Amino acid sequence: MRAPWGRMQGIRPNKPLYRWLDAGLSLTEALGKMQDTYGVSTTKLALLRQVAEHEYPLLTSLPPRAVSIYVGIPFCPSRCLYCSFPSHSLRELGQERQRFVSALLHEIAVVGGYLQQYEFSVDTVYVGGGTPTALAASDLACILRALQRELPRPWREFTVEAGRPETLTEEHLAVLTKAGVERISINPQTRQQKTLELIGRHHSYQDIKAAVARSRGQFRALNMDLILGLPGEGLAEVQASVEWVQNLRPENITLHMFSPKRASRFTGEQDDWQEMLPSAELAAHMVDATSESLRQAGYNPYYLYRQRNILGGQENVGWTLPGHACRYNTLMISERQHILGLGGGAVSKFINNDGTLVSQTNARDVRVYIKRVEQHVASKVRLLV
Ligand code: SF4
């Protein structure tokens, strides 16, 4: 089967495309270059065109001296089979939550002080992880208050992930709305109960439905993540999951293609799982069928990226109802604005004038993060000012 992205190795197909646009080529000419240089398929060129029509105007009108903020909360109720994110299960290291919150509050205060002093503005704020709502509601409230108190304002966008439905209590919802959070994410990954159990998520799809109902009308946008190609799932299961989610009408749906990561439990037990994964052909059918379904339901693709071992050489795509695209996602993938990462395992990216970047990563292990928070802050400040 022909590789959908041809010879392209990079995980950000938009980067070379936008460089050609920067050099003055029209979008059609730049897409032609993508085809000639990498042999990208016509289906993926059409996808890229739609994404570029949304992203490029945004990226060429960024406010000067602005940064976006990412906050990593490295705790989850349990660890998913495929997870390689910096996150600890509450059972394993939940007792570190208090000390983590204190370290993070310190990091927010110092970095916020430098941003104020050197007159940076903050474009978007994104609290992810992990699962931010795995913290006690009172701790989450402290963090959100600190962000509002210490960072320059106003912001263009404020997002908090609430990926696991069982963590989004009425108390958490009240904290989020009081703090002015505009966007949240509740992530089913699949509608199939058997798969949820297989991948180590201790919730049902009805829990997802209930969490969506609880949060309905309280935020400007809701995102829901799904993964195509999870072990044991075929085309019918994947289509059923996508149709179920699109009928809930979240403003955003992010379709990930399964991608085995080095640090995940999946990779450690690969021999047991490998034969439960779809072939490259089936992965392509899954993408085609679900993309068509989303288009029919009124969603448009607005950002995309690939991963190293992604099934069938496909991609992850963020879909949106008109007017609801998440700004942070485009900024984070495009690497054209500084991103300051605070908290466990958070990555900061500083963009040089020539477009190259320097990154700094906070420790992934929460115990090391707590111990080294001063060092993390100092490295960030050195790169920023
Ligand atoms: S919810 Fe996300 S961060 Fe948490 S364990 Fe699962 S994949 Fe990892």
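User: Which domains does the domain assignment give for this protein?
Analyst: The model is predicted. Its bounds come from an automatic or database domain assignment. That assignment gives domain 1 (14–59) and domain 2 (66–384).

User: How many residues of domain 1 are in contact with domain 2?
Analyst: Contact here means heavy atoms within 4.5 Å. On the domain 2 side, 18 residues take part. On the domain 1 side, the number is 15.

User: What area is buried between domain 1 and domain 2?
Analyst: The size of an interface is often given as the accessible area lost when the parts come together. The C-alpha centres of these two domains lie 26 Å apart. Carbon and sulfur atoms give 57% of the area buried between them. The total is about 1,400 Å².

User: Why does the second largest pocket lie between domain 1 and domain 2?
Analyst: This pocket has a volume of about 390 Å³. Of its 17 lining residues, the closest to the centre are Asp22, Glu335, Arg336, Ile351 and Gly355. The pocket lies between the domains because its lining takes residues from both domain 1 (14–59) and domain 2 (66–384).

User: Which element gives the most to the lining of the second largest pocket?
Analyst: Two elements give two or more residues to this lining: α1 (14–22) and α14 (327–334). The top contribution is 5 residues. It comes from α1.

User: How many residues in the lining of the second largest pocket are charged?
Analyst: Asp, Glu, Lys and Arg count as charged. The lining also holds 3 nonpolar and 6 polar residues. The charged residues number 8.

User: What space lies in the largest cavity?
Analyst: Rolling a probe the size of a water molecule over the atoms shows where empty space is left. A search of the whole structure finds 1 cavity of 30 Å³ or more. The space in the largest cavity is about 30 Å³.

User: Which elements each supply at least two residues to the lining of the largest cavity?
Analyst: The lining consists of Gln189, Thr190, Leu226, Ile227, Leu228, Glu233, Val238, Ser241 and Val242. By class, these are 5 nonpolar, 3 polar and 1 charged. The elements that each supply at least two are β7 (221–228) and α10 (235–248).

User: How many residues of the shell around the ligand are charged?
Analyst: The ligand is surrounded by Cys76, Ser78, Arg79, Cys80, Tyr82, Cys83, Phe85, Gly130, Arg164 and Arg201. The shell has 5 nonpolar and 2 polar residues. Its charged residues number 3.

User: Where is Gly130, one of the residues around the ligand, found?
Analyst: The peptide bond from Gly129 to Gly130 is cis, with omega near 15 degrees. Most peptide bonds are trans. Gly130 is found in the loop between β4 (121–129) and α6 (137–150).

User: Which residues does the cis peptide bond with omega of about 5 degrees join?
Analyst: The proline of this pair is found in the loop between α6 and β5 (157–161). The bond joins Arg153 and Pro154.

User: Where does Arg65 lie?
Analyst: Most residues other than glycine have a negative phi. Arg65 is not a glycine, yet its phi is positive, about 50 degrees. Arg65 lies in the loop between α3 (42–59) and β1 (66–73).

Technical notes: Residues are numbered from 1 along each chain as its sequence is written. This is a predicted model: local features need pLDDT of at least 70, side-chain atom pairs count only at pLDDT 80 or more; totals for chains, interfaces and linings use all residues. Side-chain values use heavy atoms; hydrogens and water are left out. A residue is near a molecule or strand if one of its heavy atoms lies within 4 Å of it. On a 1 Å grid over the protein atoms alone, a cavity is a set of points where a 1.4 Å probe fits but cannot get out, and a pocket is an open set with protein on both sides within 12 Å along at least five of seven lines; lining residues have an atom within 4 Å of a point. Grid points are joined across faces, edges and corners, and a volume is the space filled by probe spheres set on the points. Helices (H or I, at least four residues) and strands (E, at least two) are DSSP runs, numbered from the N terminus. Buried area is the accessible area (1.4 Å probe) that two parts lose on being put together, summed over both.
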